[in-house]
Structures are given as structure tokens and as C-alpha cells.
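Subject: Structure for your review

Dear colleague,

I am passing on the structure that we spoke of, and I would be glad if you could look through it with the notes below beside you. The entry itself comes first, and the findings follow.

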Amino acid sequence: MRFGVLGTLSIHDDSGALLCVNAPKSRALLAALLLEPNRSVHHDTLVSALWGDDPPATATASLYNHIARARRALGPHTDRVRSRQVGVELRVEAGELDYEDFDRLMRLARTALAEGDWEAVDHETSAALALWRGAVLADVPGLAGHPSVARLHEQRLDALDLRHEALLRLGRLDGAAAELRALVAEHPFRESLHRRLMLVLARTGRQAEALGVFRALRRTLVDELGVEPSPAVQEAHQEVLRLGEVPAVQPHPGPPEARPTTPRKSVAQLPAPPATFVGRTEQIDRVRAALDAPRTQAALVVISGMAGVGKSGLALHLADRLRASFPDNQLYLDLHGATPGVPPVDPDEAVTRLLIGLGVDPRRIPCGTSAATALLRSTLAATRTLLVLDDAASVSQVLPLLPAGGGCLVLLTSRTTLATLDPAVHLALEPLPPSDGALLVEHVSGRTWTGADRAEVARLVSLCGHLPLALRVAAARLRTRRNLTVARLADRLARPEDRLDHLELEDLSVRRLLRAAHDGLASGDDGDNAAATALTLIGALDLPEYSAPMMAWTMDVCEQQAERALERLAEVALLHEGANGHHTPHDLVRDFAREAARRPDLRAKSAAAAERALRWYVDGAALCAETLRPRFASAPPLARHTHPGLTDAASVTAWVDSEAANLLFLASQGTEGRCLDAGTTLELVNGLFPYLQDRGMFHDLTRLTRHAVDLTRASGDPTAEGHALFQLATAHYSAGRLREAVRLLGEAAQLSRRLGDDLNRMLHLGNQATLLKLLGRADEARATLAVALELRPATLSPHHRTLMLGHQGHIAELTDPRQALDHHLRAADLAKESGIPVLRQMALCNVGLVHLVLGDPSAALSRFDEAVAGMEPGAEHWNAEREARLGRVKALRLLELPARADEACRELAADAAGRGDTYGLALVAYEHGHVRTALGDPAGARALWHGALSALEGTDADVLPALRHLLDP
């Protein structure tokens, strides 16, 4: 392989083919590892490389996803990226990394220097510099401040110094002056470069220019640093004087020489700022802080964000407030980076416009961007100039326009981040907060609100997506139509199909700006065109969020191409990338995308894409059920083709974790306004049921299974209805609503009886008997189990035998714990023999609970530990795990090990809270209260019990009477 960091990140495989690493965070991760190859790079360093100084709360979890993506990007060499205890290591072999080659060549050059072999010095330094393709990791701006990046740039300057010294010694001066001039401009304080430029100019007969270089350097050093040039530069200056016989300019310690100036009228081109401006206080403070800091070069502020978010408004508002600090010039140039129907301004034309605006005679403006840019920078060098560059299209458009003088400020707006510019301040604007949005509507509309209006104003602001442009249009409608109420306008905006119609007024139009962004992509290169296609498909799919794997399947492209399309949409602020790597559109972008997908020429393609995405989700859900419940579900054969990577419980669970938002959204929609029929919705619900149960997501489980019951009843399918009733009963039981679960199981048993399905009737009655026992209805429990056992067929599967043994054990606990223990032990053995880990975990938990009843907490603890340890990774069943871990806490408490019990309670509470299991969290709090009492913390115990009581009210938890007694004053 071959790795390159001396320029943009590049990775080539063994055949020399370039590996495509499009995802910015994957590039940043690999780049950070390459800066410290064959070493474990700490997770904190990688988080900083990917998210900077303000990482999201989920950064550590997301890091592992990005590590996996980086591995995949290396193709067959995934083993190169190795996870260590607290870091990650990238293995690089000798001769594979360009900067190691650079170091090797420079060592040879220094050896030649020591030997006085200037030919070899020239050869080795030229070879070393040829490895450089640009700034180190130019496409990974987050690493610009990395110590290794600074070190490499410094080593490049050393190499340039050494090479130009060799050229001077060898008399090879052709072209050296031009290169040195560029380097001097880039590094105005590096005296060695100035010295060599002076000597090259003098030795090629350009003594006056050489003296000009010396004067400029001396002025810079005295003005900026208060020091004189070094002895080496002074000696070079004397050589220039000898060659040209020009009177010397003697250095002196006094003030810098006066620069003649010609009075010139200042230029004031700024447009008027917005008449009404609200919010953005934090952003304004950041700019002011940057301007207050000492600097030696122009301050650059980049303001980026989506169309209509208020970039230009903020830039002009800032410019108006800061204009007094820049009395020489206030320049403005619209670069038309995204103006509908207007091409972006060419850099040559932009430089020319600025120079003419500054009063430069057009005849003096040189041809060529480089020369004109030099003149612009010279003209602005000694001035205090404010320059607003509005709506930039790209970095290449902007670079020639940036002044270098420390007295200048540039306010630059763009829909893209222009990340490689390395600004002093980057303001990535988001839509306004609700309060600022309401204030903007109030000020622009000229209306004042009563208390009754506040809720409708908040609804209006929300329907405008908090976007300043949309809010201004809505407010303008309210200002010009005094009889139009906020509520009526909000009602009109509430209809997504024509929302954008109401956000157009005269020259203001949200739709027009979004269309310009889309059309600009569609007319671009292949990558931009793919991004435009992706935006249309986003409108066709209309899902909460969009992942690269799903979009790849929908677009029929590789995952890297889909990821690049999504990232390109994020770069132009049409999508927002979440911490999980998925992308979401702004509400108004979503409306525009829906419109685009409904175009007559795209309707068929949009419908096909929606159907393809739906099949991707349905097949994935089917694989989920088949993998987590292999004895009860099977996926269609083509599902393996759709999802070749879903091969085990861990991969299936990870996939559903990643796509849960969309899966739950689709499964809850039914037939309302979508292409999902009842059968497809039930496929999704049935596929997700084991995942939701195992993950402990009982609120979603209840919501979806209730929806499934409604759909099966509407479709007249009693078999499917019975299955849905069982699932809904399971959801209620898991959330502590045992009486409702008993009722639903009774309905399911009655349906099975009408259908003549004795097996399912037996199973429903067995479950019902266990729940009746838990409710304290012993006689009903025994009678119900007796009916269930009478229905037992002659042959029964190991799975069903295990379940029935468990029910028999529960009922036996009422009168004979020893017999109950025997039933549960037989169930555990049968589950183990049959390879059913979930049922074995449940049986072991039941064994532990009986041991507690028998007064043997030590034996109970052993069984609970065995139950917790017995689950397959990725296939944990939360109900069973929760009960086993709760039992473990009880055993530890009875064994008088409160410290261990306290730790176990905290861990279990954190897991329950993370799953949203409020019922389980309350049960933990009840046990934790007893533990805190044992630890001498009665106040902490009462606080836990109060919280538990509040959460358990309305449930059938068996601890409720004890809780009320504990808290009875």
C-alpha cells in the first residue's frame, strides 16, 4: 500500500489503484492515525480530530462507527486498523508513507551538506520536495493544528531553504526569484528566504529590487516585532550594495521610516443592513473577540449555512456595527455563488471589480489573476479595510480576493463551509431559536401579540422551520394583510403540499433559493449530480433520516457513492449530519424535495425508489425476527441478498439500532397516506417485535402491537389478530400492566378456541396462569393452568415443553417450592439441550427466585450470575436480564453485601434508563432503597422509594403495598 499526507490524504492499494475515502470523518480518522503510524492513538485524540473542541455527547459511541467505516475504506487491508485498549493503531510498513520518504531524503541532503556536496544537496532536496502535493492533509481541516502537521510544514520550509542555498552555490538562478517571491509573501517573517531572494535578485542584475526586499523586510520586522534584521540578512544587504554600488541604508534603532502616502477618499460600498435584526448574539461576540485578539494578518470570518438562514443579513449587520473600526475602505462584492440564473463571478472579474472600486486606473490592472491579486493586496496592505464577500461559490473563487494586511477584516458568506480557508472565526448558522423567531415575526409584521396569540405565533415559527427568510415572508404577509390572522396563516402553512406557496412574496422566495441549490448540483459534475438525485429521492422516501447504506440500496450505487452524495448535500447545507452519521433535511428542504419527487417526469422513478427502500426495511426486519427468534420466524430468501451483512444476532441488532427511527416510523404508519398496505405493516411489526422486546423498548412495543391489533381486526384475519393480541399482552406485561395483559391473553385464547387451535390456546392460557399467580389470584391461576395442561398435545416441541414447565413451576411456587424448583431446573436443562439461550436464562432466573423463597441467597446468587452470563452477545433479552439482575441485587442484599448491591443497582438503573424502561427503573429504585438503608443512608432510601412509588402508580407491581407501607408516615 501507499499512504500520502503531504497534500490531500491519498491511499493506494497494492496495485497502485486509489482507494476512495469520501466520508470526511473517515478521512480525518485515517489522517490522524497516519500522523502517528504504528502507535496507539488515544480515543480522546481521535475524538478531537473528528469533532474539534466541542464534541457531541455521543462522540465516543460514534467513534466506533467511524473506525468501522475507516476499516472498510481500506478494502482487503482492514486488519491494518487495530483497536487497542484505549486507542487505535494504523499499521504502516516501511516505504509506504510519503513523509517518511521525505525524512529519509532530507537526511541524505543533510549528509551531503556536511560533506560540501552541493550537487547532492540539490538532488536530494528536489526529490524530497517533489513528494509534496500541497499543504499537509489539505482536505482534513480539523487537523490543521496538529503538532505533526506544523512540524511537517516547518520541515518543508527547511528543505526549501536548503535547496535554494544549493542553487545559489551552484549558480542555478533561473526561475528562483519567482519561487522565492511567493515564499516570502507566504512567510513574511522568515528571514532566510528574504536573504536568498535578495541574493538571487542581486546576482541577476536586479539590485534595486533586492534592496526593496530588504527595506520591506526591515520595515516589517521593526513595525511588527521591534527588531532589526539578523546578521545574515545584513551581510546579504552589504553584498547587494557592493554589487550595485548603491548607497547603503544604515539600520538604526529609532522608529521605522515614514512611508509616503497620498490622500485618497475612502470607499464605502456596503449595502444597508437589515432594518430588523434579532438574535445571533453569541456569533457577534465571537467575531468581536477575534478582532480584539492581536494578529499579523487579515481576519477572516466565514459565515455558512443553508439557503435563507440569514448569512448575508448577519454579515451586513456585523459590517454596519464594525465600519467605524475600518475607516479606510468598506468594500462589498456579491459573488453570486447561488443566485438563480446568474453564474458565479469569475475570480479575474472579481479582483478587477475590487480594484476599480478602490480607484485603481483600469489600465494599470495587470492581466492574469496572480498579478492582479498581488496589486490588490499591495493596495490594501497598509489600510484598515472591511471587505464583505457575499455568497461565495468555492475556495478557488475566494482565495485571490483575500487581503493579507493585519488591518483588514473579511466577512465571507457561503452555503458551503469553505473548510480549507482556515478562518479566524467560522460561524455555521442554524435556524433561529423559537424566541428569536417569534421576535423577528413581531418586529417585521409590526404587530403586537396578546397572550392568546403566543401559542399560534410559536406554531407559525415552527411551521416556517425557524428559518429567517421564511419568517420574514410570513411576517410580510401579516404586515400587508391586516385581516390575516396568525392562526389562519399557520393553518395554511400546516399543509405541507402547498407550504412553499405561502413562503413566496415578491422577490422573497424559499422555493426559488432551494431550487437554485438543487439545480446548481444537477448541472455540476457526476458527484454533484448524484447529490441532486439523492435530494429528489429523499423527497420520494420521506423518512425521518437517511443513512448511506439505505440510500446506496435505493440509488443502486455503492455505499461510498451514496455517502458522498449525502455529504455533498450536507456541505451545501441542504442536509444536517447527526451524531450517528445519518442525515436529516430541514423541514422546508423536505417540502421542496417532496415537490421535486412529484414532478411528472420523476413520479415513476420516485415510486420505484420508495418501493425499493421499503423492501430494504421489510427484508431487514424479517431477518431480525429470524435471527432473534429462529424457531418462530423465517425471512424470504431474497432478504439475504438485500442484507448480506446481517449474519448473526449482533449484526442484526446493530442494524436495527442504526435504522430504528425509520423502521418505527414506517411500522406505525399503516396505510395512512403511504404505499404500505396492512400486510406490509404487519411484516414490519412482527419483524421488529423481538428486537423491541429484547431491547426493553416497551413504549414502542405497546404502540406498534396495538396498531397491529387494529390492522388485523380491520382486515378480518383472526389468526393474525390472535398473534397480535399475544404481542400486545407481552408489551403490557413488560411494562407492569398485568391485568391488561391477562385480559388480552383471554381474548387471544378465545380466538384460538374458535379457530380450533389447541396449541396456541394452551400457550395463551399458560401465560395467563402465570400472570394470575403474580396478581395474587391463586385459585384462578391453578384452574387456568389445568385447562392449559388438558390441551397439551401428545408431542410438543422442546421450546413449548420448556415454556409449559416454567408455567408449572410458577404455579407450584404457591404450595410447594421444592416441586417448583424441580420444574424450573428441568426447564433450564431442556432449554440448554435444545439450544434456546433466552429460555434457559428465564428458567435460571426462576430457579434463583425459588432459592430466595427457600432462604438460600447464596445458591440464588449463583443462578442469577449464571443467567446473566448465559446470553449470546447481541441477543440479550431485556425482560429476562432485568429480572435476573434484580434477583441478583436481592441476593447480594440478603448476603449482607450492600456495597456490591449498590454498584449493581446503579448499573442496572443506568441500563433501564437508557432503554426508556420506567417500570424496570422503578423496580430497581425499590431494591436500591433497601440497599441504601443497609448502607446507612435513610434519606437516600426514601428519595428512591418516593420516585419508585410515583412511577409504579397505575401498574400492577407486587411491591406497591410494601412501598406504601415504607413511606407511610
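A residue is called buried here when its relative accessible area is under 20%, exposed when that area is over 50%, and partly exposed in between, with a 1.4 Å probe and protein chains only. Helices (H or I, at least four residues) and strands (E, at least two) are DSSP runs, numbered from the N terminus. Please keep in mind that this is a predicted model, in which local features need pLDDT of at least 70 and side-chain atom pairs count only at pLDDT 80 or more, while totals for chains, interfaces and linings use all residues. Residues are numbered from 1 along each chain as its sequence is written, and side-chain values use heavy atoms, with hydrogens and water left out.

I begin with helix α22, which spans residues 548-555 and is mostly covered, since seven of its eight residues are buried. The buried residues are A548, M550, M551, A552, W553, T554 and M555. Their cover includes α21 (526-541), α23 (559-571), α25 (603-628), α26 (639-642) and α27, where a contact, here and below, means heavy atoms within 4.5 Å. Helix α27 covers residues 649-669 and holds E659, a residue that is buried at a relative accessible area of 2%. Once residues up to four places away in sequence are set aside, E659 touches S547, M550, H582, W616 and Y617. In the loop between α21 and α22 lies D542, whose phi is near 55°, a positive value in a residue other than glycine. D542 counts as partly exposed, because its relative accessibility is 21%.

As background to both cases, most residues other than glycine have a negative phi, and most peptide bonds are trans.

Two further loop residues deserve a look. H586 is placed between β15 (583-585) and α24 (587-597), and H586 is buried, with a relative accessible area of 15%. Apart from its neighbours within four places in sequence, H586 is in contact with M306, P431, C464, G465, L467 and L574. The C-alpha atoms of H586 and E833 are separated by 53 Å, the two residues being 247 residues apart along the chain. E36, for its part, is in the loop between α1 (24-34) and β3 (41-42) and counts as buried because its relative accessibility is 16%. With neighbours within four places in sequence left aside, E36 is in contact with V41, T45, Y99 and H146.

I turn next to helix packing. Two packed helices are described by the angle between their axes and the distance between the axes. Axes are lines fitted to C-alpha atoms, for helices over the stretch in contact, and angles run from 0 to 180 degrees between N-to-C directions. Angles under 35 degrees count as roughly parallel, over 145 as roughly antiparallel, 65 to 115 as roughly perpendicular and the rest as oblique.

Helix α6 (residues 147-170) and helix α8 (residues 191-203) cross at roughly 25°, and their axes come within 10 Å, so that α6 and α8 are roughly parallel to each other. Their crossing is left-handed, meaning that the near helix is turned anticlockwise from the far one by less than a right angle, whereas clockwise would be right-handed. The contact is made by D161, H164, E165 and L168 of α6, together with S192, L193, R195, R196, L199, V200 and R203 of α8.

Helix α36 (residues 837-853) packs against helix α37 (residues 857-869) at an angle of about 165°, with the axes 8 Å apart, which makes α36 roughly antiparallel to α37. The crossing of α36 and α37 is left-handed. Among the residues that make this contact are L844, C845 and L849 of α36, and A860, F864 and V868 of α37.

Lastly, the cysteines: the structure holds zero disulfides, a disulfide being a pair of cysteine sulfur atoms within 2.5 Å. For C905, the nearest cysteine sulfur is that of C845, 15 Å away. C905 is buried, with a relative accessible area of 0%, and C558 counts as partly exposed at 38% relative accessibility.

With best regards
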